[in-house]
Amino acid sequence: GYLTLYYQPKLTAKGLLLKGVEALARWHDPVKGTISPAQFIAVAERHGLIDVLTRHLLEIALQQKQQWQRRGVSFNLAFNLSPLSLADPALVDWIAKLTAQYGIAPGEITLEVTENALLGELASSIQTLARLRLKGFGIAIDDYGSGFANAQQLSRVPATELKIDRALVHNVATRPQQRTILQNTVEMAHQLQLVTVAEGVEHREDFDLLRQLNVELIQGYFLAKPMPADKLMQSPRL
Ligand code: C2E
Ligand code: CA
Ligand code: CA
């Protein structure tokens, strides 16, 4: 019962409308305080516990989404999948089954997978993603720009969204070379019909530039930090 999810808003760059939230795992230990997912997800992956953990977290997320739905608020919910889970042949069916069980349309859920997950076991991962996409789920390529995927590899992924990594976003307003890379990334994403999301936006100058470069969605401390579900409901943007 110590595991929970926080939710971080993804807002439109133009208009600041709440388009979706990303669910981010938190472990609240009574003694150690809050433990970051960067610490416990990797441990779960190493010890064969990631599938159990993912199922547990997805259930929390869908339960929450159902509650929001019942209150009449609707926005997309993004959920992180471990690259290891993409190799699990049972994954697609249990995600689809659980989503249906909570009365949620697959189009309201986006599954995020990191760019690097798509480099290794490429064929089987892409097959899993294609099956999820066929069922109507959104697919986001996460942390784009932190790894080494090229445009051709990217074009084979049945994605709907490209999340540009904080490394490309942070301080972009003051770094001309970084700006060029970011601008090209956004153009490429749009040519591939992908919605762009800038991650880790902390400064107004970066935010202004991203809006100018036609990045659709903004996620970062500048606009909103990850927060518990009840706090999100108090948001003036709902
Ligand atoms: P991620 O998927 O790239 O999530 C974004 C991370 O950036 C989150 O860290 C978020 O709190 C942080 N962030 C958001 N805005 C800003 C900003 O403006 N500045 C900075 N410096 N950071 C910002 P968090 O919550 O610690 O999660 C870390 C990573 O752990 C996630 O990176 C994701 O890869 C993984 N993770 C989190 N929850 C889950 C989960 O439920 N399942 C799996 N498999 N992985 C998860
Ligand atoms: Ca993510
Ligand atoms: Ca990310």
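Is Asp93 buried, partly exposed or exposed, and what is its relative accessible area? Asp93 is partly exposed, with a relative accessible area of 44%. The close-ups below come from a predicted model.

**View 1. Asp93 meets Arg131 in a salt bridge.** The N-to-O distance between the two side chains is 4.0 Å. Asp93 sits in helix α3, while Arg131 belongs to helix α4 (residues 122–134). The pair therefore ties together parts that are 38 residues apart in sequence. Arg131 has 32% relative accessibility and counts as partly exposed. Side chains of opposite charge can pair when their charged atoms come close.

**View 2. Helix α3 has a set of buried residues.** The helix covers residues 91–101. Leu91, Val92, Trp94 and Ile95 are among its buried residues. Ala96, Leu98 and Thr99 are also on that list. Just after α3 comes Gly103, with a positive phi of about 70°.

**View 3. Asp88 forms a salt bridge with Arg55.** The closest N and O atoms of this pair are 3.8 Å apart. Asp88 lies in the loop between β4 (76–80) and α3, and Arg55 in helix α2 (residues 50–70). This pair links distant parts of the chain, 33 residues apart. Asp88 counts as buried, because its relative accessibility is 15% and the cut-off for buried is under 20%. Arg55 is partly exposed at 35%.

**View 4. Glu22 and Lys163 join two strands by a salt bridge.** Their side chains meet at 2.9 Å, N to O. Glu22 is in strand β2 (residues 18–29) and Lys163 in strand β7 (residues 161–164), so the pair ties together parts that are 141 residues apart in sequence. Both Glu22 and Lys163 are buried. They also belong to a network of salt bridges. Lys10, Glu112, Glu161 and Glu199 are linked in that network too. In total, the model has 11 salt bridges.

**View 5. Strand β1 pairs with β2 and with β9.** Of the 10 residues of β1 (residues 3–12), 8 are buried, so the strand is largely enclosed by the rest of the structure. β1 and β2 run antiparallel, joined by 9 bridges. Which residue of β2 is the bridge partner of Gln8? The partner is Glu22. The hairpin of β1 and β2 has 5 residues between the strands, and there Gly15 takes a positive phi near 110°. β1 also pairs with strand β9 (residues 217–218) in the antiparallel sense, over 2 bridges. Here Leu11 stands opposite Ile218. In a regular strand the side chains alternate between the two faces of the sheet.

**View 6. Three residues supply the protein donors of the calcium ion (ligand 3).** They are Asp142, Asp143 and Glu199. In sequence, the donor residues are spaced D-D-x55-E. Asp143 lies in strand β6 (residues 138–144), and Glu199 in the loop between β8 (195–198) and α8 (204–212). The pair therefore ties together parts that are 56 residues apart in sequence. Asp143 is partly exposed, at 23% relative accessibility. Glu199 counts as buried, at 11%.

**View 7. Asp142 coordinates two calcium ions.** These ions are ligand 3 and ligand 2. They are 4.1 Å apart.

Key: Residues are numbered from 1 along each chain as its sequence is written. Chains are lettered from A and ligands numbered from 1 in the order in which they are written. This is a predicted model: local features need pLDDT of at least 70, side-chain atom pairs count only at pLDDT 80 or more; totals for chains, interfaces and linings use all residues. Side-chain values use heavy atoms; hydrogens and water are left out. Donors are N, O and S atoms within 2.8 Å of the metal (3.2 Å for Na, K and Ca); water is not among the atoms, so sites may look incomplete. Helices (H or I, at least four residues) and strands (E, at least two) are DSSP runs, numbered from the N terminus. Buried means under 20% relative accessible area, exposed over 50%, partly exposed in between (1.4 Å probe, protein chains only). Two strands pair if DSSP finds at least two bridges between them.
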